[in-house]
Amino acid sequence: MKKYGAKYNKIEKIKNLRFELCLLIIFCLLIPYVAEGRDAGTSGSAMLKIGVGAKTTSMGEASVALSDDLSGIYWNPAGLVQLRNSQFSAMHIEWFDDIRYEWLGFAQPISSRATIAADISYLYMGSISRTVESISEEYEEDGTFSPVDMAGRVALSVKAFRNLLLGASLQRIQSRVTFDNVTKERISNKTSQGIAIDLGGIYSVTKVQGLTVGGCLQNLGNQTKAYITDKAPMPFAVSVGLAYKAQMKNEISLTEETKQPENMPKPEARSSPNTLTIAFDLYFPADDSINARLGVEYRFGNGVSLRGGYRTGTGFEFPSGLSAGIGYNSPDYQVDYAFVPYGDLGGTHRISFTVRF
């Protein structure tokens, strides 16, 4: 029996290794397609490039192989099936130049192998002065315009087979520009619309406990309605990455020799699991250069987390690639904060809140 058992285990290990190699080959074949790319700034619906969740943002936006909270609906929908209960999340971004970004999300496990989720986001850029050519002067202001973007998304995540999680989402985005107090010409409000699909997967490596690999195709789609005539492509990108979690348990117990006051109850032994998480992503946007993302989180047993990260390809000096944050996690709720600098434009602040029920 031992002989047959060992032979069976050997066959399973070979199958798992082949499966992992197949996933790696698929991701490698997708990378050259994206690497050809388009020129920078040629994609529309730039709102879709704004990541959600203060936790992930503080970790350098490295999350494609992690995606273990509701913000995964953006980074990689495959990870949503890891949620064990219903969740509601909200995030606010305080950006530079009075730009505001709001995000709401909800996830509901429908079985031990499937989770559905939905979210909505809103981007408001304030009122901007409209500059036009002038006869008397070179330029002059004539009215204002106010850009507003809104997007809604639904997602499904399933535990497919072995150690593989799969997910997909469908998103609709609408961008609108409203003009006010324009006197020199007749100009109507402009609206564009688009549909995008995300497809992702996360695989737990069998030989290394705590190690996962992930990949996601983001923003597959196109505009269905343009501002004027030409429809702009979506900001399509491929992201691949690794994540590793290590848990350290500090056992705190009282021995029989430990003296306690008679009127004090004897405390029970308790476990304080501290967790270290390291994530690394490669991000291949179709309209920009390849960039790397690295994130680290250390969660203490009391629920407090310290996070930091770095992201290349920001277009600013080295310090602008840095990010940092802090969070607190309990069985019922989670609060996270992230700070991300953007060079001379200033720093941005993200705050997110999650309720579990």
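The points below take up pockets, the nonpolar core, aromatic pairs and a few individual residues.

1. The structure under discussion is a predicted model. The remarks that follow should be read with that in mind.

2. The largest pocket. This pocket holds about 1000 Å³ of space. Its lining is made up of 47 residues, and those nearest the centre are Ala46, Met47, Lys49, Ile50 and Trp95. By class, 23 of the lining residues are nonpolar, 14 are polar and 10 are charged.

3. Elements that line the largest pocket. At least two lining residues come from each of α3 (72-75), β5 (139-159), β6 (164-180), β8 (211-225), β10 (270-285) and β11 (291-299). Strand β10 gives the most, with 4 residues.

4. The second largest pocket. About 590 Å³ of space lies in the second largest pocket. It is lined by 21 residues, and Asp68, Lys245, Gln247, Arg299 and Asn329 are the closest to its centre. The lining divides into 3 nonpolar, 10 polar and 8 charged residues. Strands β9 (237-252), β10 and β11 each supply at least two residues of this lining, and the largest share, 3 residues, is that of β10.

5. The nonpolar core. The largest nonpolar core comprises 27 residues, within which Leu80, Trp95, Tyr101 and Trp103 have the most contacts. Helix α3 and strands β1 (87-94), β2 (100-111), β3 (114-124) and β5 each contribute at least two residues to this core. Trp95 is also one of the residues nearest the centre of the largest pocket.

6. Surroundings of Trp103. Which residues does Trp103 contact, leaving aside its neighbours within four places in sequence? The list comprises Val52, Leu70, Ser71, Ile73, Ser89, Ala90, Met91, Asp119, Ile120 and Ser121.

7. Phe145 lies in strand β5 and Phe179 in strand β6, so the pair links distant parts of the chain, 34 residues apart. Phe145 counts as partly exposed because its value is 23%, which falls between the limits of 20% and 50%.

8. A stacked aromatic pair. Tyr333 and Phe353 form a stacked pair, with 6.2 Å centre to centre and 25 degrees between the planes. Tyr333 belongs to strand β14 (residues 333-341) and Phe353 to strand β15 (residues 347-356), so the pair ties together parts that are 20 residues apart in sequence. Tyr333 is partly exposed, at 35% relative accessible area, and Phe353 is partly exposed as well, at 37%. Together with Tyr328, these two residues form one aromatic cluster.

9. Gln171 and Asn219. Gln171 is placed in strand β6 and is buried, with a relative accessible area of 6%. Leaving aside neighbours within four places in sequence, Gln171 is in contact with Leu48, Ala151, Gly152, Arg153, Gly194, Ile195, Ala196 and Asn219. Asn219 is found in strand β8 and is buried, with a relative accessible area of 6%. Asn219 has a positive phi of about 60 degrees, although it is not a glycine.

10. Glu61. A positive phi also occurs at Glu61, a residue other than glycine, where the angle is near 65 degrees. Glu61 lies in the loop between α2 (54-58) and α3.

11. Thr312. This residue is found in the loop between β12 (304-311) and β13 (322-329). At 29% relative accessibility, Thr312 counts as partly exposed. The C-alpha atoms of Thr312 and Ser289 are separated by 9.7 Å, and the two residues are 23 residues apart along the chain. Leaving aside neighbours within four places in sequence, Thr312 is in contact with Asn291 and Ala292.

Note on methods:
Residues numbered from 1 in each chain as written. Predicted model: local features only at pLDDT ≥ 70, side-chain atom pairs only at ≥ 80, totals over all residues. Heavy atoms only, no water. 1 Å grid on protein atoms, 1.4 Å probe; cavity = no way out; pocket = protein on both sides within 12 Å on 5 of 7 lines; lining within 4 Å. Points joined across faces, edges and corners; volume = space filled by probe spheres on them. Nonpolar A, V, L, I, M, F, W, Y, C, P; charged D, E, K, R; others polar. Core = buried A, V, L, I, M, F, W, Y, C linked by side-chain atoms within 4.5 Å. Buried < 20%, exposed > 50% of the residue type's maximum accessible area, 1.4 Å probe, protein only. Contact = heavy atoms within 4.5 Å. Phe/Tyr/Trp six-rings, centres within 6.5 Å; stacked < 30°, edge-to-face > 60°.
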